[in-house]
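Trainee: I would like a close look at a single part of this structure. Please describe where the open space lies and what surrounds it.

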Amino acid sequence: MVFTALIVFLGGTIWTIVYSFTDSGLLPRLRWDGLDQYERLWNSRKWLVSIENLAIYGVCSLIGTLVIGFTLAALLDRKVRGEGVLRTIFLYPFALSFIVTGLVWQWILNPQLGLQSVVRGMGWESFTFDPLNNSKIVMFGLLIAGLWQGTGLIMCIMLAGLRGIDEDIWKAARVDGIGTVKTYIRVIIPMMRPVFVTSLVLIASGIVKLYDLVVAQTSGGPGISSEVPAKYVMTAMFGGQNLGQGFAASTMMLVTVVIILVPWAILEFGGKKRG
């Protein structure tokens, strides 16, 4: 495991960073190019749009997945009838690949075949819902598919956390006259901090890797309105045969992750006293 971590992961990361400062084209080559690749990267409108799109998608996905996942888990935790069936239904989308999910939702959101067509067929002729062809809201069309697939897993993690809460805590809250919602906010959620941290890491990793869903639903369109960093990297490396540009974009994605994770790690573990 140590060998794998040092050679494969750390070695690959260092290799990518080093070659991001070269003018590598179709094949990697150690010909120093300084910061030219990074200058071209940040002067590229497609890259700036991809960063903006990932930020919009990331914030909405993070909040939406946590809220919907926890809400579903809290409802299932009330020992509802048919819990096993409902849990399976909610988790099933996670078993599908992002390509399949993207194609399914591309059909559902297709104005000629999907939701818009069905609603208009019911008599609402003025109904319009075509997010994938609207550059202003296309990321929200992708968000719908992302939430549909990812919420089930978070729901199961949250449900496992809720089932680990001692029943005596609920009894004590009822005896003290604390309402259900206030009990969740003041007592249960703080006790589930490790569960929320795990969920945040899983959601964040999925956001950074967002690629398959975009390719399957929009291919980055309309125009470049749904470009994301991972797609920019793939396009630069394999479509544009510019490995140096792809390595530079990959390095910036790594820097973004580090900027987010380091403060979190300091807050999460730095203040804990060793027993």
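Mentor: The largest pocket has a volume of about 700 Å³ (the space filled by probe spheres set on grid points, which are joined across faces, edges and corners). It is lined by 21 residues, and those closest to its centre are Ala204, Ser205, Val208, Val257 and Ile260. Two or more lining residues come from each of helix H3 (45–76), helix H10 (193–208) and helix H13. This is a predicted model, in which local features need pLDDT of at least 70, side-chain atom pairs count only at pLDDT 80 or more, and totals for chains, interfaces and linings use all residues. Residues are numbered from 1 along each chain as its sequence is written, and side-chain values use heavy atoms, leaving out hydrogens and water.

A pocket here is an open set of points on a 1 Å grid over the protein atoms alone, with protein on both sides within 12 Å along at least five of seven lines; lining residues have an atom within 4 Å of a point. Helices are DSSP runs (H or I, at least four residues), numbered from the N terminus.

By class, 18 residues of the largest pocket's lining are nonpolar, three are polar and none is charged (Ala, Val, Leu, Ile, Met, Phe, Trp, Tyr, Cys and Pro count as nonpolar, Asp, Glu, Lys and Arg as charged, the others, Gly among them, as polar).

For the second largest pocket, the volume is about 500 Å³. Among its 22 lining residues, Phe94, Phe98, Gly150, Leu202 and Gly206 are closest to the centre. H7 gives the most to this lining, seven residues. The lining has 12 nonpolar, eight polar and two charged residues.

Methods: 1 Å grid on protein atoms, 1.4 Å probe; cavity = no way out; pocket = protein on both sides within 12 Å on 5 of 7 lines; lining within 4 Å.
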